[in-house]
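Here is a friendly walk through a structure, in questions and answers. Please keep the sequence and the 3D view open as you read.

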Amino acid sequence: MNQSKTAIVIDSSANIAPEIVRKYHFTIVNQPVMFGKHVYHENMDIDSDEFYRMLKLEKYHPTASQIPMKEMQEVFSNLAQAGYEAALCIGLSGGLSGFINSVSASVPAIKDLQVYPYDSGSILAGVEKVAILASQLLDNGVDIHEVLHQMRKYRRQTQAYIAVNNIKELQNMGNISNRTSLVGSFFGMRPILTINHQGRLEMVGKERQMKNAMEAIEEIFDKQLVDHTNLVVTVIDANDVDRSMQWQSTLKAKYPGMQVESRQIGPYVGTYTGSKAIGLIWSPKL
């Protein structure tokens with residue numbers, strides 16, 4: 001198969017900047033978010049600003065929905081008509097979303113082109129970086145199965161930790177692995193979450209102040225650090241740009257030469273984190 005004829009399809013929850021989408025020719029599919037019975041497609045009819053505004057005003061807490069496979073069939077058909085022979089479909093961690101599992105189940109019914117579903121096991125920058133890796137490898141003519149192998153290797157080197165500002169966002173979340181035993185003791189606290197090996201959110205700590213939660217995440221980062229010059233670290237925030245900028249400055253001063261980026265948590269992932277969450281994602285520099 002001609003590797004240049006492989007499209008890379010990514011769900012919108014990665015919140016990838018438009019210039020990166022254009023540079024690597026990514027195809028983005030927009031995830032649905034629901035407020036009550038109203039469905040909004042991420043970055044089409046609801047952006048981050050509107051989402052966090054509605055989060056304050058709406059009586060219903062938003063929920064993450066899922067792209068119908070009929071829509072995905074249309075995406076794949078359009079790619080086939082554009083001359084692609086295959087599609088590498090990269091999604092949010094399967095422990096948070098059923099998107100990739102649904103694509104995987106639909107593969108036998110997709111006749112227009114060969115589809116390779118890939119569970120990123122991550123969120124936001126963790127999804128973007130592995131997609132960029134795949135694009136680079138495909139452009140260099142690497143076989144798709146070796147590409148998938150390298151993506152899995154990269155995934156094991158990617159870490160994500162998030163401090164959540166309000167416990168109420170977690171109370172009804174069924175995809176937190178230790179929710180039953182821990183949520184009750186977290187009121188008035190700032191829970192610290194990671195994505196575990198099963199791809200689910202897992203609470204690994206708690207602090208009374210967001211500042212202390214950020215310091216705890218940075219301490220985890222320090223313990224895992226081997227060579228900061230070989231890492232890209234992304235500060236992620238849910239409508240808390242000032243705090244994000246401060247953390248970026250701190251990291252750049254503490255680790256000269258380290259690549260530090262930022263990413264806003266968009267509507268889809270925001271249904272899990274709520275407003276004012278902040279965290280770090282780190283992985284090897286590409």
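Two strands pair if DSSP finds at least two bridges between them, and the strands (E, at least two residues) and helices (H or I, at least four) are DSSP runs, numbered from the N terminus. This is a predicted model, in which local features need pLDDT of at least 70 and side-chain atom pairs count only at pLDDT 80 or more, while totals for chains, interfaces and linings use all residues. Residues are numbered from 1 along each chain as its sequence is written, and side-chain values use heavy atoms, with hydrogens and water left out.

Q: In what order do the six strands of the open sheet with mixed pairing lie?
A: The edge strands, each pairing on one side only, are β10 and β12 (259-264). Neighbouring strands are turned by 20° against each other on average, direction ignored; axes here are lines fitted to C-alpha atoms, for helices over the stretch in contact, and angles run from 0 to 180 degrees between N-to-C directions. The order is β10-β9-β8-β13-β11-β12.

Q: How many bridges pair β9 with β10?
A: These two strands form a hairpin with five residues between them, and Gly199 in the turn has a positive phi of about 80°. Pro191 stands opposite Lys206 in β10, and the partner of Arg190 in β10 is Glu207. The pairing is antiparallel, and the number of bridges is six.

Q: Which residue of β9 stands opposite Ile162?
A: β8 and β9 run antiparallel and are joined by three bridges. Five of the six residues of β9 are buried, so this strand is largely enclosed by the rest of the structure; buried means under 20% relative accessible area, exposed over 50%, and partly exposed in between (1.4 Å probe, protein chains only). The residue opposite Ile162 is Leu193.

Q: At what angle do the axes of α5 and α6 cross?
A: Helix α5 (residues 125-139) and helix α6 (residues 144-156) have axes that come within 10 Å. The contact (heavy atoms within 4.5 Å) involves residues including Leu133 and Leu137 of α5 and Val147 and Met151 of α6. The two helices are therefore roughly antiparallel, the class for angles over 145 degrees, with under 35 as roughly parallel, 65 to 115 as roughly perpendicular and the rest as oblique. The crossing angle is roughly 150°.

Q: How far apart are the axes of α9 and α10?
A: Helix α9 (residues 210-224) and helix α10 (residues 241-254) pack at an angle of about 35°. Among the residues making the contact are Met214 and Ile217 of α9, with Trp247 and Leu251 of α10. The distance between the axes is 13 Å.

Q: Is Leu231 buried or exposed?
A: Leu231 lies in strand β11 (residues 231-237). Leaving aside neighbours within four places in sequence, Leu231 is in contact with residues including Phe221, Leu225, Met258 and Trp282. With a relative accessible area of 13%, Leu231 is buried.

Q: Which strand holds His38, the bridge partner of Phe35?
A: An open sheet of three strands has the order β4-β3-β5, with antiparallel pairing. Four bridges join β3 to β4. His38 is in β4.

Q: What is the phi of Lys276?
A: Most residues other than glycine have a negative phi. Lys276 lies in the loop between α11 and β13 (278-284) and, at 32% relative accessibility, counts as partly exposed. Although Lys276 is not a glycine, its phi is positive, at about 70°.
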